[in-house]
Amino acid sequence: MGRAFQNRKESMAKTSDQKAKVYSKYGREIYVCAKSGGIDPNGNLSLRSLIDRAKKDQVPTHVIDKAIDKAKGGGGEDFDTARYEGFGPGNTMVIVDCLSDNPNRTFGDVRTCFNKVKCKIGSQGSVSHMFDHSAIFVFSGTDEEAVLEALMMADVDVTDIELEDGKVTVFAPHTDYSKAKSALLDAFGEVEFDVDEIQFVAQNMTEIQGEDVEQFDRFLDLLNDLDDVQRVYHNAEY
């Protein structure tokens with residue numbers, strides 16, 4: 001059994017309000033990424049990955065272009081990254097990544113979500129030490145040795161490589177994201193990645209059952225309904 005990471009295959013938002021939230025989250029993330037790393041996707045691999053992901057999630061082109069144009073102007077809002085950690089239903093471990101223009105408000109909103117499911121937000125580092133912060137790439141392939149060789153030639157500190165059902169999965173430290181992606185593209189051409197992102201990957205999973213499952217799903221819905229929340233990572237297995 002391979003490492004359990006959170007593949008972005010959630011069902012698309014079904015209502016216009018839900019879609020608007022998805023578009024807003026992507027727009028904010030693209031804006032921040034372009035503003036900090038440059039508006040050219042060819043020179044900003046993180047932005048390129050983010051745009052590809054947005055397109056896969058059916059985010060309209062005009063939303064993407066508007067976010068990049070906003071970053072090009074140099075003005076606009078100042079968003080800061082914020083990360084919150086704690087224990088969710090069933091003693092699960094949860095990491096919440098946010099982009100916020102008002103950290104005090106965001107902290108209060110996230111803490112309220114924990115409180116509503118009778119759980120408590122923790123201090124910084126309370127659970128993140130039980131996760132690996134990893135760059136993850138998944139793509140079609142059959143030769144993991146060739147992939148490993150290409151990455152090692154580029155001096156990428158590969159954490160793990162898995163081959164299953166014609167798919168290669170590469171794990172590397174998040175600090176090696178750009179180096180790893182460039183190495184894969186240089187070695188194998190225009191690779192079409194099923195997954196191309198940085199995630200927190202739990203070192204151990206926690207199985208939940210019964211009422212904990214219902215509460216955990218409610219907890220995720222509460223968090224994802226917040227405009228400032230970008231990603232939620234956890235070790236729940238159910």
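These legends go through several close-up views of a predicted model.

The model is predicted, so local features need pLDDT of at least 70 and side-chain atom pairs count only at pLDDT 80 or more, while totals for chains, interfaces and linings use all residues. Residues are numbered from 1 along each chain as its sequence is written, and side-chain values use heavy atoms, with hydrogens and water left out.

**View A. The open sheet of 4 strands, in the order β4-β5-β3-β6.**
Pairing in this sheet is antiparallel; two strands pair if DSSP finds at least two bridges between them. Strands here are DSSP runs of E with at least two residues, helices are runs of H or I with at least four, and the numbering starts at the N terminus. The edges belong to β4 (160-164) and β6 (193-202), each with a single partner strand, so one side of each has no neighbour in the sheet. On average, and with direction ignored, neighbouring strands of the sheet are turned by 20 degrees against each other. Helix α6 (residues 177-188) packs on the sheet and touches β3 (131-140), β5 and β6, where contact means heavy atoms within 4.5 Å. The direction of α6 makes about 150 degrees with that of β6. Axes are lines fitted to C-alpha atoms, for helices over the stretch in contact, and angles run from 0 to 180 degrees between N-to-C directions.

**View B. The hairpin of β4 and β5, with 2 residues between the strands.**
Strand β5 (residues 167-173) pairs with β4 in the antiparallel sense over 5 bridges. Look for Leu-163 opposite Val-168 in β5, and for Glu-164 with its bridge partner Lys-167. In this hairpin, Asp-165 takes a positive phi near 55 degrees.

**View C. Strand β2 (residues 92-100), largely enclosed by the rest of the structure.**
9 of the 9 residues of β2 are buried, buried being under 20% relative accessible area, exposed over 50%, and partly exposed in between (1.4 Å probe, protein chains only). Both faces are covered: one side has Thr-92, Val-94, Val-96, Cys-98 and Ser-100, and the other has Met-93, Ile-95, Asp-97 and Leu-99. Strand β1 (residues 80-88) runs antiparallel to β2 and is joined to it by 9 bridges, with Ala-82 opposite Cys-98. The hairpin of β1 and β2 has 3 residues between the strands, and here Gly-90 takes a positive phi near 70 degrees. Strand β8 (residues 229-234) also pairs with β2, in the antiparallel sense over 5 bridges; Asp-97 stands opposite Arg-231 in that pairing.

**View D. Helix α4 (residues 103-116) against helix α7 (residues 211-224).**
The two axes come within 9 Å and cross at roughly 165 degrees. That makes α4 roughly antiparallel to α7; angles under 35 degrees count as roughly parallel, over 145 as roughly antiparallel, 65 to 115 as roughly perpendicular and the rest as oblique. From α4, Val-110, Cys-113, Phe-114 and Lys-116 meet Arg-218, Phe-219, Leu-222 and Leu-223 of α7. By class, that contact has 6 nonpolar, no polar and 2 charged residues. Nonpolar covers Ala, Val, Leu, Ile, Met, Phe, Trp, Tyr, Cys and Pro, charged covers Asp, Glu, Lys and Arg, and the others, Gly among them, are polar. Asp-217 also sits in α7 and is partly exposed, with a relative accessible area of 31%.

**View E. Helix α2 (residues 45-56) crossing α6 at roughly 70 degrees.**
The axes come within 10 Å, and the helices are roughly perpendicular to each other. Leu-45, Ser-46, Arg-48 and Ser-49 of α2 make the contact with Tyr-177, Ser-178, Lys-181, Ser-182 and Leu-185 of α6. By class, the contact of α2 with α6 has 3 nonpolar, 4 polar and 2 charged residues.

Most residues other than glycine have a negative phi. At 56% relative accessibility, Gln-58 counts as exposed. Asp-155 is exposed, with a relative accessible area of 58%.
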